[in-house]
Amino acid sequence: MHQAPVLELGGFNFDLSTIGVTVVTFLITFIVAKVMTRNLSVENPSKMQNFMEWVVEFVQGIATSSMPLKKAKAYVSLGMTLIMFIFIANILGLPFAVITEHPEPVKVAGLTIVSEEAVQKGIEKGHHGAEILWWKSPTADISVTLGLALVVFFLIHFLGLKLNTKHYLKHYMEPYAIFFPLNILKEVMKPITLAIRLYANIFAGEILISTIIMAGVFGIPLLAVWQGFSIFIGAIQAFLFTVLTMVYISQATIHEEH
Amino acid sequence: MEFYWENTVFAILAFALLYFLLNKYAFGPLFSVMEKRREMVQEQISSAESNRKEAERLLAEQQKAMAEVRKEAQEILEQARQMSGKEADEMIRQAQEESARIKEEALKDISAEKDKAVAALRGQVSAMAVMIASKIIEKQVDEKSQEQLIDQYLKEVGGKL
């Protein structure tokens, strides 16, 4: 198990690797989207524009599968941001991992990045010092996936309260008032399952990659297969996260007449 | 692996900012372009529809005008035919009148000539009678010879006539 480079500053713990890869994912997502939507044309779209329009229609398809098209349009942008960010985050850790070994605590400009504690932990596990993982998928960190899940959680309840107040509040008491605790539990479990599902899939993929790497040269074919499969998993998880977000939003905001 | 809540906050902020930026600089323009295309297609469909209707209307108008023109031509032809028939009748009538007039004139001429001839004959006959009388007086012939003479003269006269 590798450790994270944690910068302690003013009582906060900044995990440099997670923050770093999150920023990288952020930049890649933004640059890809920006480049893909360059030179937009109504009558003569470029190949990149065609691809982006396909993505838009794909996400619109996801959204409309759970709510009417009119209402779905407002969430297409959210769905696109989610699916692109998560997909890029998922495959970011696939090509390589950067791990450094530190027998001594590391300080940069008087700030501790690798603490004495971390070095001790590494030695306890039989290494020469702290093994610091610098490059990984941001979604292989539960704190990031929980952040995304919390965004969705906040959105669901905010939109539910704003757009569908009466039925949103009523649904906690359905079918009977006694189900109230169960309904609360259901709502709380939504972001937790979202976060853990995404995190566990990606984290397990990276663990398996680092395990295969231990096999050395013989592991290369298996590594290739697993990395290919991991791209697939990354796409599926991004898709699933988006689908569930849309389903939750529609559950909270759409009141169907009976 | 430890859990750092700072990461969670950072991820939330990063995602919110990414959503904001993408919405403003990438997806917003893309959506508006897609919307514009949709509108363009709609517009083209509706304009094609209206063009088709216009064409149909024009075609109907043309057909109507064509039928009218054909009818008019028919009428003109009919009129022309009637007119020419009348004209021919008129010409025939005129010709008949003309011929009748000519015939009448000819008849008048003939009768005038006849009257003239009869008048001339009368003159001659009276002159001959005077001559005959003078010859009778000259010769002092008997009744028989008188008759013979008269016959002879009459024959002479008849031969002259």
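This is a predicted model: local features need pLDDT of at least 70, side-chain atom pairs count only at pLDDT 80 or more; totals for chains, interfaces and linings use all residues.
# Getting to know chains A and B

User: Of the residues on the side of chain B that touches chain A, how many are nonpolar?
Analyst: Chain B puts 31 residues in contact with 48 residues of chain A. Sorted by class, that side of chain B has three polar and five charged residues. The nonpolar count there is 23.

User: What share of the area buried between chain B and chain A do carbon and sulfur atoms give?
Analyst: The area buried between chain B and chain A comes to about 3600 Å². The part given by carbon and sulfur atoms is 78%.

User: Which residue of chain A forms a salt bridge with B:Arg37?
Analyst: Between chain B and chain A the count is one salt bridge. In the pair with B:Arg37, the closest N and O atoms are 2.8 Å apart. The partner is A:Glu53.

User: Is B:Thr8 buried or exposed?
Analyst: B:Thr8 sits in helix α1 of chain B, residues 5-139. B:Thr8 touches A:Ser143, A:Leu146, A:Gly147, A:Leu150 and B:Phe3, leaving out residues up to four places away in sequence. Its side chain also reaches the backbone oxygen of A:Ser143 at 3.0 Å. Because its relative accessible area is 5%, B:Thr8 is buried.

User: Is B:Phe31 buried, partly exposed or exposed?
Analyst: B:Phe31 belongs to helix α1 of chain B. Besides A:Met80, B:Phe31 touches A:Val56, A:Val76 and A:Ser77, not counting residues up to four places away in sequence. The relative accessible area is 23%, so B:Phe31 is partly exposed.

User: Why are B:Glu49 and B:Arg52 separated by about one helical turn?
Analyst: These two form a salt bridge, with the closest N and O atoms 3.1 Å apart. Both are partly exposed: B:Glu49 has a relative accessible area of 33%, and B:Arg52 is at 42%. They are about one helical turn apart because, in helix α1 of chain B, their spacing is three residues.

User: What is the distance between the closest N and O atoms of B:Lys116 and B:Glu113?
Analyst: Both residues lie in helix α1 of chain B, three residues apart. B:Lys116 and B:Glu113 are exposed. They form a salt bridge, and the distance between the closest N and O atoms is 3.9 Å.

User: Is A:Asn39 buried or exposed?
Analyst: A:Asn39 lies in the loop between α1 (16-36) and α2 (47-64) of chain A. Most residues other than glycine have a negative phi. A:Asn39 is not a glycine, yet its phi is positive, about 50 degrees. Its relative accessibility is 66%, so A:Asn39 counts as exposed.

Technical notes:
Residues are numbered from 1 along each chain as its sequence is written. Chains are lettered from A and ligands numbered from 1 in the order in which they are written. Side-chain values use heavy atoms; hydrogens and water are left out. Helices (H or I, at least four residues) and strands (E, at least two) are DSSP runs, numbered from the N terminus. Buried means under 20% relative accessible area, exposed over 50%, partly exposed in between (1.4 Å probe, protein chains only). A polar contact is a pair of N or O atoms within 3.5 Å; within protein, one must be able to donate a hydrogen and the other to accept it, and residues adjacent in sequence count only if both atoms are side-chain atoms. Contact means heavy atoms within 4.5 Å. Buried area is the accessible area (1.4 Å probe) that two parts lose on being put together, summed over both. A salt bridge is a side-chain nitrogen of Lys or Arg within 4 Å of a carboxyl oxygen of Asp or Glu. Ala, Val, Leu, Ile, Met, Phe, Trp, Tyr, Cys and Pro count as nonpolar, Asp, Glu, Lys and Arg as charged, and the others, Gly among them, as polar.
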